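Please look over the sequence and the model first.

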Amino acid sequence: MHDRTRIKDALKTVFGFSDFRAGQEDIISSITSGENILAVMPTGAGKSLCYQLPAITRTSKTIIISPLVALMSDQVASLKEIGIAAEMIHSGQIYDDNVISWRRFASDDCHILYLSPERLMQPRMIAALQKLPIGMFVVDEAHCISKWGSGFRPDYEALSQLRDTFPSAQIAAFTATADSATRRDIAQKLCEGNARIIVHGFDRPNLSLSVAPKNNVNQQITEIVQGRSGENGIIYCLSRNETDQLAAYLSDRGVNAWAYHAGKDQEYRQNCQDRFMTEDDMVMVATVAFGMGIDKPDIRYVIHASLPSSVEAFYQEIGRAGRDGKPSDTIMFYSLQDMVKRQRMIFEAEGNDNFKFSEYARLEALLGYCETTDCRRQVLLAYFDDASAPCGNCDNCLAPPDVRDYSSEASYVIEAIYQTGQFFGASHIIDVIRGSDSAKVKEKAHDGLSAYGKGINHSKAFFQTIMRQLVARAIVKVNIERFGALEVTELGDDILAGRKSFTAGFISEKETKIAVRQSRKETVIRDEDAGLVGQLKALRLEIAQSKNVPAYVVFTDKAIMEMAYYKPTTEEAFLSINGVGPKKVKEYFEQFSAVIERYLNAQES
Ligand code: ADP
Ligand code: MG
Ligand code: ZN
């Protein structure tokens with residue numbers, strides 16, 4: 001059979017999907033034509049299929065390198081579930097099991113092996129692999145090889161030897177997070193630049209985008225979460241401490257919230273993940289330690305309780321919401337303190353000045369996203385070299401900001417900073433402008449400055465917003481080396497001299513309320529069919545528990561929803577459900593159709 005039809009055929013018969021998602025076919029045909037590729041697709045776009053499909057339709061063997069044990073186990077379990085032989089070898093598996101896995105892979109019956117990078121690069125492993133017909137190396141989460149991107153892993157660095165060690169094998173790398181410099185770096189390291197770089201599908205139109213300044217963030221988040229009971233969400237925090245505190249705050253208010261971070265032991269974390277996969281209303285309050293490889297389709301919202309580290313990190317984190325394509329919300333809270341904290345983290349991190357400079361630039365790009373008065377999606381996509389029209393699904397599109405000129409208020413701030421010797425932080429500067437008689441103002445005799453009291457007609461909240469925007473737009477700089485003293489940049493001089501104006505969306509004198517949409521309930525399912533959804537999910541859970549696999553490995557929520565909607569009672573109808581292939585028909589048709597028939601009969605009588 002022709003390659004293309006064979007692939008399309010396998011998509012349906014093996015994976016049970018009727019269509020490719022955007023970009024998948026392009027990537028797959030590039031792989032089958034023998035090219036080295038680096039595919040950049042956002043989280044949840046369906047990268048695994050892009051290498052699994054070519055791997056099962058070719059005769060040579062494929063090695064898939066993946067950084068996380070949990071991620072490997074899930075993928076191998078999912079493949080086995082649809083009838084594909086796949087094995088894995090990593091340090092989380094006992095020696096005997098690794099030996100068995102190897103024997104199976106070395107035999108003619110298995111063509112796919114998942115390996116951790118440190119196992120792959122052991123001399124004995126390399127020697128053994130060189131005796132097998134290895135046709136392709138897949139490097140998943142390939143950004144781990146680059147020091148430019150976030151998430152560099154030293155054990156990935158050794159993968160740059162693959163090309164010389166296996167000169168006839170093809171290399172296919174995948175990542176969700178790489179700006180253009182990082183992409184080139186990855187392609188250089190893995191294939192000496194000899195790779196087609198394919199960028200696809202950064203637009204996730206089902207994710208709404210909102211940003212809000214934080215004032216009482218615990219309370220702000222509680223309101224949102226309580227308005228969405230019965231939905232799964234992730235809340236990202238900056239530190240372990242913040243994570244524990246927010247989770248406790250939410251639990252006290254009746255939310256099924258759990259704290260997840262690297263300080264918790266392995267058993268607790270595993271338990272958290274398992275619950276998150278199966279409980280409908282669980283809210284994970286987590287540091288970035290949570291999420292890589294989490295494949296839960298129905299996460300309805302991702303909230304950032306603090307500013308993330310970069311646009312890439314932010315994009316990857318929000319990308320965990322709404323993988324089923326249904327409307328989901330993303331909300332980021334941030335403050336001036338967050339910006340300073342992030343800058344300090346970069347300043348204190350290891351690495352040379354070049355590295356730090358690029359990290360600052362990344363942070364600045366994220367601040368651009370935060371403070372824009374234009375469509376947020378356009379700003380976000382532009383960062384990934386992807387374009388879009390105004391989206392209609394971000395806070396700025398839904399309620400276009402009333403842009404005003406605040407040049408004179410900004411000048412008060414800049415003057416006060418200059419007149420106090422560029423020596424003080426935000427709160428003292430605001431005191432000076434607002435004519436405060438604080439002890440510090442008196443002690444430094446700042447009440448004698450011409451900037452003193454110029455902003456007396458505005459509230460503290462007003463100037464906090466001005467200050468945050470000045471810093472976010474690099475008009476004023478926070479000098480971390482000088483304990484957070486504010487300094488004026490050239491852009492600030494331009495405003496002071498009247499060469500440039502300073503505009504912003506209307507700034508309220510009060511602490512701003514956020515406008516985030518109310519949660520949307522499932523629209524596809526008629527109310528009276530909700531009972532059927534419950535029965536199907538109960539059966540799924542029972543099967544999942546007896547097989548000791550996560551529920552979504554049996555069927556995704558999307559598949560369950562479609563079953564409840566179409567109510568298939570024939571094998572043919574069952575096969576047309578998204579995510580159902582022949583193997584799942586054989587295995588599950590009887591049980592699930594029995595539930596459906598029972599339900600239909602009960603309705604008639
Ligand atoms: P990524 O690695 O890009 O983050 P995954 O490969 O884990 O994403 O895929 C995310 C989800 O999308 C999985 O549940 C997968 O089964 C599903 N998926 C992938 N391709 C398709 C397709 N063509 N049609 C329907 N669902 C798909
Ligand atoms: Mg993946
Ligand atoms: Zn928009």
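Helices (H or I, at least four residues) and strands (E, at least two residues) are DSSP runs, numbered from the N terminus. With that in mind, Lys567 lies in the loop between α26 (557-566) and α27 (571-575). This is a predicted model, in which local features need pLDDT of at least 70, side-chain atom pairs count only at pLDDT 80 or more, and totals for chains, interfaces and linings use all residues. Residues are numbered from 1 along each chain as its sequence is written, chains are lettered from A and ligands numbered from 1 in the order in which they are written, and side-chain values use heavy atoms, with hydrogens and water left out.

**Two loop residues**

Phi of Lys567 is near 50 degrees, a positive value in a residue other than glycine. Asn548 also has a positive phi without being glycine, near 60 degrees. The loop that holds Asn548 runs between α24 (530-547) and α25 (551-554). Accessibility is classed as buried under 20% relative accessible area, exposed over 50%, and partly exposed in between (1.4 Å probe, protein chains only).

| Residue | Relative accessibility | Class |
|---|---|---|
| Lys567 | 13% | buried |
| Asn548 | 70% | exposed |
| Cys391 | 24% | partly exposed |
| Cys394 | 0% | buried |

**The zinc site**

Cys391 and Cys394 are among the residues that coordinate the zinc ion (ligand 3); Cys375 and Cys397 are the others, each through SG, at 2.3 to 2.4 Å. Donors here are N, O and S atoms within 2.8 Å of the metal (3.2 Å for Na, K and Ca), and water is not among the atoms, so sites may look incomplete. Along the chain, the donors follow the spacing C-x15-C-x2-C-x2-C. The arrangement is tetrahedral because the four donor atoms subtend angles of 102 to 119 degrees around the zinc ion (ligand 3); the term requires four donors with all angles between 85 and 135 degrees.

Two strands pair if DSSP finds at least two bridges between them. One open sheet has seven strands with parallel pairing, in the order β3-β4-β2-β5-β6-β1-β7. Its edge strands, β3 (87-89) and β7 (196-199), each pair on one side only. Direction ignored, neighbouring strands are turned by 20 degrees against each other on average. Within this sheet, β1 (residues 37-40) and β6 (residues 170-175) are joined in the parallel sense by four bridges, and Ala39 has Phe174 in β6 as its bridge partner.

Seven bridges link β8 to β13 (residues 328-334), and the two run parallel. Pro213 stands opposite Tyr334 in β13.

Buried residues of α16 include Lys356, Arg362, Leu363 and Tyr369.

**Helix α3**

Helix α3 (residues 47-56) is mostly covered, with eight of its ten residues buried. Among them are Leu49, Cys50, Tyr51 and Leu53.

Notes
Four donors count as tetrahedral if all angles lie between 85 and 135 degrees; four count as square planar and six as octahedral if opposite donors are over 155 degrees apart and all others between 65 and 115; anything else is irregular. Axes are lines fitted to C-alpha atoms, for helices over the stretch in contact, and angles run from 0 to 180 degrees between N-to-C directions.
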